[in-house]
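Here is a short briefing to read alongside the model. Please keep the sequence and the 3D view open as you go.

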Amino acid sequence: MYEDAYSDLFAGTAGIVCMLIALAIAVLVIVGTWKIYTKAGEHGWASIIPFYNLFCLYRLTWGQGIYFLLLLIPGANLIIQIITTYK
């Protein structure tokens, strides 16, 4: 009976710790992309809007933001994303 209580307590604690670590990583990613967008001359808030951030990223790297639609093509999306990351 007590073994189940201890395992439940451990599982709950481990879940909370993992969630806090994931939240810390998410905050660091948001702060980092916010700084990148600000230094590139874009609005910082553009980094947290789901599709608009891709549009801005592709506008910065390719010169035209419409290239982010190439991510919808299977196979080509991997190649385009690698090239964008390299740029």
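Is E42 buried or exposed? At 17% relative accessibility, E42 counts as buried, where buried means under 20% relative accessible area, exposed over 50%, and partly exposed in between (1.4 Å probe, protein chains only). This is a predicted model, in which local features need pLDDT of at least 70, side-chain atom pairs count only at pLDDT 80 or more, and totals for chains, interfaces and linings use all residues. Residues are numbered from 1 along each chain as its sequence is written, and side-chain values use heavy atoms, with hydrogens and water left out.

**Overall fold**

- The protein chain has three helices and zero strands; helices (H or I, at least four residues) and strands (E, at least two) are DSSP runs, numbered from the N terminus.
- The radius of gyration of the protein chain is 20 Å, well over the 12 Å that the globule rule gives for 87 residues, so the chain is more spread out than a compact globule. That radius is taken over C-alpha atoms, and the globule rule is 2.2 Å times the number of residues to the power 0.38.
- Along its principal axes, the C-alpha trace spans about 65 × 30 × 20 Å.
- Of the 87 residues in the protein chain, 14% are buried.
- Take the contacts (heavy atoms within 4.5 Å) between residues at least 6 apart in sequence: 8% of them join residues at least 24 apart.

**Surface**

- The protein chain exposes about 6800 Å², and carbon and sulfur atoms supply 76% of it. Accessible areas come from the Shrake-Rupley method with a 1.4 Å probe; for residues, only the protein chains shown count as cover.
- I16, L20, L23, V27 and V31 make a nonpolar surface patch of about 460 Å². Patches are made of residues with over 30% relative accessible area and no salt bridge: like charges are joined within 9 Å, nonpolar side chains (Val, Leu, Ile, Met, Phe, Trp, Tyr) within 5 Å.
- I16, one of the patch residues, sits in helix α1 (residues 2-39) and is exposed at 51% relative accessibility.

**The salt bridge**

- The count comes to one salt bridge, defined as a side-chain nitrogen of Lys or Arg within 4 Å of a carboxyl oxygen of Asp or Glu.
- E42 and R59 form this salt bridge, with their closest N and O atoms 2.8 Å apart. The pair links distant parts of the chain, as E42 is in the loop between α1 and α2 and R59 is in helix α2, 17 residues apart.
- While E42 is buried, R59 is partly exposed at 30% relative accessibility.
- In the loop between α1 and α2 you will also find G41, which is exposed at 64% relative accessibility.

**Around W62**

- W62 lies in helix α2 (residues 50-62) and is partly exposed, with a relative accessible area of 25%.
- Leaving aside its neighbours within four places in sequence, W62 is in contact with Y67, I80, I83, T84 and K87.
- For W62 and K87, 25 residues apart along the chain, the C-alpha atoms are separated by 8.3 Å.

**Cysteines**

- The structure holds zero disulfides, a disulfide being a pair of cysteine sulfur atoms within 2.5 Å.
- C18 is exposed, with a relative accessible area of 52%, whereas C56 is buried at 0% relative accessibility.
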